[in-house]
Amino acid sequence: MTKLGYQIPSFTYPGVAPADLFGTIARQAAEADTSGFDTVMVMDHFYQLPMLGPPEFEMIECYTLLSALAQHTSNVRLSSLVTGNTYRNPTLLAKTVTALDVVSGGRAQLGIGAGWFQEEHDSLGFEFGTFTDRFEKLEEALQIIIGMFNGEKPTLEGKWYQVKEALNVPAPLGRIPIMIGGSGEKKTLRLVAQYADESNMTAPIEEVPRKLDALAAHCDRLGRDRSEITVSVMGRACVAPTHDQAKAELDAAFATRGLDLASMAEDEAEGIRALIPYGDPDEIAEHFSSYLIDGVDGITVSAIANGHIEGRVTLLGESLSKLF
């Protein structure tokens with residue numbers, strides 16, 4: 001169950017050379033491990049997402065990275081947010097996540113979704129297919145993966161995948177939680193109700209109550225106890241010891257992406273800053289307290305603007321852990 005998750009969505013940091021990149025990432029994970037976060041997550045992408053930077057920005061394969069981060073952490077669960085099902089055969093994915101569980105001492109979580117980034121698929125040769133195709137694949141994959149996690153040697157003659165008595169040895173050290181990312185009310189939340197332990201929602205907080213109602217309706221129809229499913233929501237933050245320092249660090253982050261906020265009218269600049277809530281620890285805690293509405297159990301937050309600065313992840317964790 002994710003109460004407070006830390007997501008690392010970017011691996012391009014000012015002044016950090018490739019040789020120093022892993023150390024910067026590992027420091028963030030280590031700070032999260034000791035400051036109140038219970039889960040550390042990285043994106044499962046091969047190109048940076050368009051809203052965060054160009055494809056040329058650094059992107060490290062997530063399961064290689066998570067296995068390495070296991071050696072720099074002791075407490076947090078380790079997960080993708082979320083695995084694109086289209087990138088791996090489900091038997092390979094089950095083996096990969098099980099390997100992460102073994103090397104981390106039982107701290108693996110499977111975050112998974114149907115896949116959506118078409119440019120990445122087309123460029124790298126992954127079959128994209130239709131929206132319906134991807135959700136059919138995801139459901140078949142979940143049946144195979146959950147069976148392998150549970151030691152059931154699943155056999156499936158599906159439309160998309162065919163496996164016969166799929167072995168998974170060594171087995172996971174414990175039960176690997178399944179988190180499904182996304183907030184589509186018809187397909188995604190139905191899969192959550194049927195297969196998952198956690199729903200990670202990416203919708204604006206004002207839309208979450210409607211999503212929760214949709215999830216509850218799916219649970220009722222399937223005979224699932226809604227209380228068995230943890231719900232977490234996504235957010236971003238730029239925290240620093242003072243409001244002005246957080247603002248300066250946020251502006252510096254936008255500058256690396258070609259936006260000079262200092263040259264803009266203040267109302268225009270503030271409109272851009274509003275994309276990432278910023279401030280001192282009390283301001284950030286007050287902002288995220290509004291996320292914990294009835295039915296929401298946890299928050300996952302990224303610090304894309306300044307998480308690479310030593311001490312900022314610790315400050316974020318200490319600020320937000322007070323909410324729980």
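## Basis of the model

Because the model is predicted, local features need pLDDT of at least 70 and side-chain atom pairs count only at pLDDT 80 or more, while totals for chains, interfaces and linings use all residues. Residues are numbered from 1 along each chain as its sequence is written, and side-chain values use heavy atoms, with hydrogens and water left out.

## The largest pocket

The largest pocket has a volume of about 990 Å³. A pocket here is an open set of points on a 1 Å grid over the protein atoms alone, where a 1.4 Å probe fits, with protein on both sides within 12 Å along at least five of seven lines. Its volume is the space filled by probe spheres set on the points, which are joined across faces, edges and corners. Lining residues have an atom within 4 Å of a point.

The lining holds 42 residues, and Leu49, Trp116, Asn200, Thr202 and Met234 are the closest to the centre. Two or more lining residues come from each of β4 (83-84), α5, β8 (178-181) and β10 (230-236). Helices (H or I, at least four residues) and strands (E, at least two) are DSSP runs, numbered from the N terminus. Helix α5 gives the largest share, four residues. By class, the lining has 23 nonpolar, 16 polar and three charged residues. Nonpolar means Ala, Val, Leu, Ile, Met, Phe, Trp, Tyr, Cys or Pro; charged means Asp, Glu, Lys or Arg; the others, Gly among them, are polar.

## The second pocket and Met51

The second largest pocket has a volume of about 200 Å³. Of its 14 lining residues, Met51, Leu52, Phe254, Arg257 and Ile276 are the closest to the centre. Helix α8 gives the most to this lining, with three residues. Eleven of the lining residues are nonpolar, one is polar and two are charged.

Met51 sits in the loop between β2 (39-42) and α2 (62-70). Is Met51 buried or exposed? Met51 counts as exposed because its relative accessibility is 56%. The cut-offs are under 20% relative accessible area for buried and over 50% for exposed, with partly exposed in between (1.4 Å probe, protein chains only). Beyond its neighbours within four places in sequence, Met51 is in contact (heavy atoms within 4.5 Å) with Trp116 and Arg236.

## Helix α8

Helix α8 (residues 243-256) has 14 residues. It reaches 20 Å from first C-alpha to last, close to the 20 Å expected at 1.5 Å a residue. That expected span is 1.5 Å times one less than the number of residues.

Ala246, Glu249, Leu250, Asp251, Ala253 and Phe254 are buried in α8. The buried residues of α8 pack against β11 (238-239), α9 (266-273), β12 (278-279) and α11 (312-320). Gly258 follows α8, and its phi is positive, near 85°.

## The nonpolar core

The largest nonpolar core has 92 residues, of which Phe11, Leu110 and Leu316 touch the most other members. Such a core is a set of buried Ala, Val, Leu, Ile, Met, Phe, Trp, Tyr and Cys residues joined through side-chain atoms within 4.5 Å. Its largest share, eight residues, comes from helix α5 (residues 131-149).

Ser302 is in strand β13 (residues 298-302). Ser302 counts as buried because its relative accessibility is 3%. Ser321 lies in the segment after α11, and is partly exposed at 26%. Leaving aside neighbours within four places in sequence, Ser321 is in contact with Leu4, Ser35 and Gly36.
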